[in-house]
Amino acid sequence: QLLIDFRVKDVTPPKITFTKNPSYTNVNVTLAWNFGEAAATACILQSPGSEPNPVPCSASWSSNGLQEGYHTLFIQASDEEGNSQQYQHRWYVDRTNPTVRVYNAPTEFSNKTVLQLSLSCADRSSCSYKCRSHPVDEEAQFADCPSRVSITITEEADYVFSAYAIDSVGNMGPVMDIRWTADLSPPEMHGLIDRDVKCGDPITPNVLGYPEVVDNTDPNPVVEYSDKPIANCKTERLWVAKDRAGNDAFTIQNISFSNTVRPQVTGQNLLFVPCGDTDILFDEDKVRDVLDITHACDRKMQVTYADSIPVDSCGIDLTRTWTVTDDCGQSTSFTQDIRILHLSYPDEPENGQVNVDIGHPLAWPQYPSATHYNVYIWQHGGTKPTGPIAANLTGRYFRPNEQYPPNMRMVWRVEYVVPSANGSAVYVPGPT
């Protein structure tokens, strides 16, 4: 049987397959490819800042000494039938040596027994690292290390950590050295003794003494102290010495007091309380604000009180007896008269009034013997201002210079200024 065959004309261009086409290289560059069929090639190199330049090539192309930057090789391929196609490959020539950075490095003097260092490099491509860590008077070889390095310190010595980076194209950076002194020993403190003093005598370290502090590396450790009253009429003085590596030492000096004196208590002899504010009489923080309590020995004190009658209504007078007892067993009493005022509403606006004009004046009733008035205004739900919006008014009428915020609930209070027999002023709060 006779078979007749024929060959169809090739109308497709050569198809390139790169076998070596890096994205980054150093100064030595080799690109390689094949087409799967016979093909003639012509290449043109485009380098930074220069005109396209024909270069010889076949199935590969190599060069060395290229400048840093992006380069492009254009490859024109033509098969035997004349089909042709242009291909290209673009890559970056990296001639810059990477610089290693070390993070979490120890300070010049360190008491850390485990160091966790982090390495990074400034480079276009990724980096690997070589490093070593050793006492300064010993030798060690560089070895591969990860970007996170853990160093264990077991003895006191001068250390050096060295590292350098190698980027993905083989450029090697300079060595970075980190030096420090490992100081694992705390300072030593001597020379302190417990002291007995009379109450009221100075107890500063200039009088009772400073400790002698010695450290193996720091000639001037930081020395501080704090005092804390403790039982049996004593003060515990805690001394802390810290060297520049962060090591610290502690010692305690006990100070005992003799000839103790009573606490000193002063305050307002007469306290006025608005009818709606009687809860402040049972608020411990606010209650203590009305007293001035001191102690010559700076002792810890307990404050208690007892009222002559229950606080269960307005318009009453009562006597409150304060008792201040220190931890040495000494106590002092202070008597205070408290007047809870009758409930008295303002003249205008009325309490709870709505749709008040944004410039409405305030007016209030008279209080016996009052000569001047202070006015406070604030938004409902807020905190009463520390100072009045108007002070030392002589009339019982005030129109604010600024309008009230629209659609806002407001609170106000008048404070009556009443001259006392000794020439000072007594401040009587009105209702809120």
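## Salt bridges, sheet and cores in a predicted model

Asp327 is partly exposed, because its relative accessibility is 24%. The model in which this residue sits is predicted.

**Salt bridges**

Asp327 forms a salt bridge with Arg299, with 2.9 Å between N and O.

The structure holds seven salt bridges. One of them pairs Lys130 with Asp144, whose closest N and O atoms are 2.5 Å apart. Lys130 is in strand E12 and Asp144 in strand E13 (residues 143-145), so the pair links parts that are 14 residues apart in sequence. Lys130 counts as partly exposed because its relative accessibility is 23%, whereas Asp144, at 62%, counts as exposed.

Another salt bridge joins Arg339 to Asp317, with the closest N and O atoms 3.3 Å apart. Arg339 lies in strand E28 and Asp317 in strand E27, so parts 22 residues apart in sequence are tied together. Arg339 is partly exposed at 32% relative accessibility, and Asp317 is partly exposed at 49%.

| Pair | Closest N to O distance |
|---|---|
| Lys130 and Asp144 | 2.5 Å |
| Arg339 and Asp317 | 3.3 Å |

**A buried glutamate without a salt bridge**

Glu415 is located in strand E33 (residues 410-419). Glu415 is buried but has no salt bridge, and the nearest side chain of opposite charge, that of Lys384, is 5.4 Å away. A salt bridge requires the nitrogen to be within 4 Å of the carboxyl oxygen. The side chain of Glu415 does make a polar contact of 3.4 Å with the side chain of Tyr376. Leaving aside neighbours within four places in sequence, the residues in contact with Glu415 are His372, Tyr373, Asn374, Tyr376, Tyr427, Val428 and Pro429.

**The five-stranded sheet**

Five strands make up an open sheet with mixed pairing, in the order E2-E8-E7-E4-E5. Its edges are strand E2 (24-25) and strand E5 (53-55), each of which pairs on one side only. E2 runs parallel to strand E8 (residues 84-93), and two bridges join them; Thr25 is opposite Val93 in E8.

E7 and E8 are antiparallel and share ten bridges. Phe74 has Gln88 in E8 as its bridge partner. E7 and E8 form a hairpin with five residues between the strands, and Gly82 in the turn has a positive phi of about 90 degrees. Strand E7 (residues 69-78) is also joined to strand E4 (residues 40-46), by seven bridges in an antiparallel arrangement. There, Ala40 stands opposite Ser78 in E7.

**Nonpolar cores**

The largest nonpolar core contains 20 residues, and those with the most contacts inside it are Leu117, Leu119, Tyr129, Val149, Ile151, Phe161 and Trp180. Two or more residues of this core come from each of strand E9 (99-103), strand E11 (114-122), strand E12 (127-135), strand E14 (148-152), strand E15 (157-167) and strand E16 (176-182). Apart from this core lies another, of 18 residues, including Leu341, Ala370, Ile377 and Ala390.

Leu119 is one of the residues with the most contacts in the largest core. Not counting residues up to four places away in sequence, Leu119 touches Val100, Arg101, Val102, Tyr129, Cys145, Pro146, Ser147, Val149, Phe161 and Ala163.

**Backbone exceptions**

Most residues other than glycine have a negative phi, and most peptide bonds are trans. Asp298 has a positive phi, near 55 degrees. Asp298 is in the loop between E25 and E26 and is exposed, with a relative accessible area of 60%.

Asn407 is not a glycine either, yet its phi is positive, at about 55 degrees. Asn407 lies in the loop between strand E32 (397-398) and E33 and is exposed at 84% relative accessibility.

The peptide bond between Glu348 and Pro349 is cis, with omega about -10 degrees. Pro349 is found in the loop between E28 and strand E29 (362-363).

Key. Residues numbered from 1 in each chain as written. Predicted model: local features only at pLDDT ≥ 70, side-chain atom pairs only at ≥ 80, totals over all residues. Heavy atoms only, no water. Helix = DSSP H or I, 4+ residues; strand = E, 2+ residues; numbered from the N terminus. Buried < 20%, exposed > 50% of the residue type's maximum accessible area, 1.4 Å probe, protein only. Lys, Arg positive; Asp, Glu negative; His and termini not counted. Polar contact = N/O pair within 3.5 Å; in protein donor to acceptor, adjacent residues only side chain to side chain. Contact = heavy atoms within 4.5 Å. Pairing = 2+ DSSP bridges. Core = buried A, V, L, I, M, F, W, Y, C linked by side-chain atoms within 4.5 Å.
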